[in-house]
Amino acid sequence: MSKNNGIMKNQDYIIEITGQTHEGMGVGKIDDFAVFVAGAIAGEEVKVKVVKVLKNYSYGKLLEVITGSPNRRDPLCNVIRRCGGCQLQHMNYEGQLNFKKQVVKDALERIGGLKDVIIHDTLGMKYPWHYRNKSQLPVGISEKEIQIGFYAKRSHEMIDIDNCLIQDKIFQTAINIMKQFIKDYKISIYDENTGIGLIRHIILRKGFKTEEIMVGIVINGDGFPYAGELIEVLKQGICGLKTIVLNINKKKTNVIYGLKNKIIYGDGFIYDYIGDVKFRISLLSFFQVNPIQTKVLYDKVMEYAGLTGKETVIDAYCGIGTISLFLSRKAKKVYGVEVVEEAVVDAKENARLNGADNAEFILGEAEIEIPKLYERGVKADVIIVDPPRKGCDIRLLGVIAKMAPKKIIYVSCNPSTLARDLKYLVSEGYGVKEVQPVDLFAQTVHVEVTCKLTKVDN
Ligand code: SAH
């Protein structure tokens, strides 16, 4: 008999869900053979239909929840089954926060080999809905209807949205206006297969405190027909419209943005605040999508940094200088390093806006530029890293170990790469003092976490 004990596709089984993967899928066993079940929660007894059997595991479709978890609730969204966006809406918020802490714990133990680390409870939101200040929405056509929404799970099939519960409410107004405009003016829509058609993505950004709105339109062309009319319609319909930016992407690629922007209305940026620090944000610059929780996260970073005013700080992967400027008020000197040129331009402007003349921003890759700082003799007391999902480049970790700052604060949106990088830093003589998950992405499986490391012999 095969290893899977004869488990058959299309058969129904009753199983107990004993855990959840970091993607939120329930995990159970049929005899000893693993089954992954989307929508099932740890602790539940469920009926599943096996839909795929692979060599070492299988996938089941959830047919019925026989004994539900106390964390189960009905999702509020009407496209939940098709949209890939909110993987945890079937769990109550408390359950989501516990799940995220567990994901961090599992990653640190399994990948990082870190067993006895203090991991605090996830810091959650009071109102975990409509928190997103940014949406990137593909534009498509389905059955001759214009669709502006999201891609379905694991596909490029479009899902039209009419009431997304995690994005800011004004975005739906903008989506409706754009849809009507595309229809009225017969603007062509980009077809991924042929590479023909103009409009590819709509990007919406909002400053939560300033209420300023940016509309970005990614196009496969050099200009937008009826741009004057579009500006008027958007101005009329969106209170707070501050700027409209075209992004030119003529490549046949899945990458959303091209390199060139054309501003057709306003200055090309909006402003927002985190706490009382003011930031200018351009279309291509990274800015955390949940400004309420970003304040919670940065306050934690500030606490972990424990600055007295005498320190030199390096903020690697600094974006538009958010963490750098937060910390600059209590540091002697802050260096921010960032690879996106537009973000560095914003960061410099943000330093000026906030009167931070002790903040210096460097354009380039952290793994190239920070070794140069080291060679110049810069000595950092505190180093912050906040890399993208793939984590830190080993060259960066290597130079951090050589610089030997008293403290390292790691901000991460991916517990797996965090755990890998912590393992390295621990091998270089650092101790992981505490770990704090912060919920920046309510209803989704994404986890943000910050942690403090200190030099063991200090
Ligand atoms: N700390 C910022 C940004 C974090 S997001 C904030 O909290 O807002 C990660 C940032 O790293 C992005 O701005 C991205 O453009 C930048 N980045 C990606 N790879 C990089 C590299 N190799 N060197 C420097 N910056 C990089």
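## Aromatic residues

F181, Y185, F224 and Y226 form one aromatic cluster. Rings of Phe, Tyr and Trp (its six-membered ring) are taken as a pair if their centres lie within 6.5 Å; planes under 30 degrees apart count as stacked, over 60 as edge-to-face and the rest as tilted. The model is predicted, so local features need pLDDT of at least 70, side-chain atom pairs count only at pLDDT 80 or more, and totals for chains, interfaces and linings use all residues. Residues are numbered from 1 along each chain as its sequence is written, and side-chain values use heavy atoms, with hydrogens and water left out.

Searching the whole structure gives 9 aromatic pairs. One of them is edge-to-face: Y57 and Y59, at 5.8 Å centre to centre with 85° between the planes. Y57 is partly exposed, with a relative accessible area of 31%, and Y59 is partly exposed at 26%. Here buried means under 20% relative accessible area, exposed over 50%, and partly exposed in between (1.4 Å probe, protein chains only).

Two lysines lie over ring faces. K206 is over the face of F208, 5.6 Å from the ring centre, and K333 is over the face of Y335, 5.0 Å from the ring centre. The criterion is that NZ of Lys or CZ of Arg is within 6 Å of the ring centre and within 35 degrees of the ring normal.

Helices (H or I, at least four residues) and strands (E, at least two) are DSSP runs, numbered from the N terminus. Two strands pair if DSSP finds at least two bridges between them.

Strand β5 (residues 57-67) runs parallel to strand β3 (residues 33-37), and 4 bridges join them. Across this pairing, A34 stands opposite Y57. Strand β4 (residues 45-53) runs antiparallel to β5, with 8 bridges; K47 has E64 as its bridge partner in β5. The two strands β4 and β5 form a hairpin with 3 residues between them.

Strand β14 (residues 269-274) has 5 of its 6 residues buried, so it is largely enclosed by the rest of the structure. It pairs with strand β15 (residues 277-282) in the antiparallel sense over 6 bridges. I274 stands opposite V277 in β15. β14 and β15 form a hairpin with 2 residues between them, and G275 in the turn has a positive phi of about 60°.

## An open sheet and its helices

An open sheet is formed by 8 strands in the order β6-β21-β22-β20-β19-β16-β17-β18, with mixed pairing. Its edge strands are β6 (118-119) and β18 (359-363), each pairing on one side only. β6 pairs with strand β21 (residues 430-438) in the parallel sense over 2 bridges, and the bridge partner of I118 in β21 is E434.

Helix α6 (residues 341-353) packs on the sheet, touching β17 (333-338) and β18, and its direction makes about 170° with that of β18. Helix α9 (residues 415-427) also packs on the sheet, touching β20 (407-412), β21 and β22 (448-455); its direction makes about 165° with that of β20. Contact means heavy atoms within 4.5 Å. Axes are lines fitted to C-alpha atoms, for helices over the stretch in contact, and angles run from 0 to 180 degrees between N-to-C directions.

The expected span of a helix is 1.5 Å times one less than its number of residues. For the 13 residues of α9 this gives 18 Å, and its end C-alpha atoms are 18 Å apart, which agrees. The buried residues of α9 are P415, T417, L418, A419, D421, L422 and L425. Their cover includes α1 (93-110), α8, β20, β21 and β22.

Helix α2 (residues 170-184) has 15 residues and should span 21 Å; its end C-alpha atoms are 21 Å apart, which agrees. Its buried residues include F171, I175, M178 and F181. Among the elements that cover the buried residues of α2 are β7 (134-142), β10 (199-206) and α3 (227-237). K186, which follows α2, has a positive phi near 50°.

## R395 in helix α8

R395 lies in helix α8 (residues 394-403) and is partly exposed at 46% relative accessibility. Not counting residues up to four places away in sequence, R395 touches E367 and I368. R395 and I368 are 27 residues apart in sequence and 7.9 Å apart in space, C-alpha to C-alpha.
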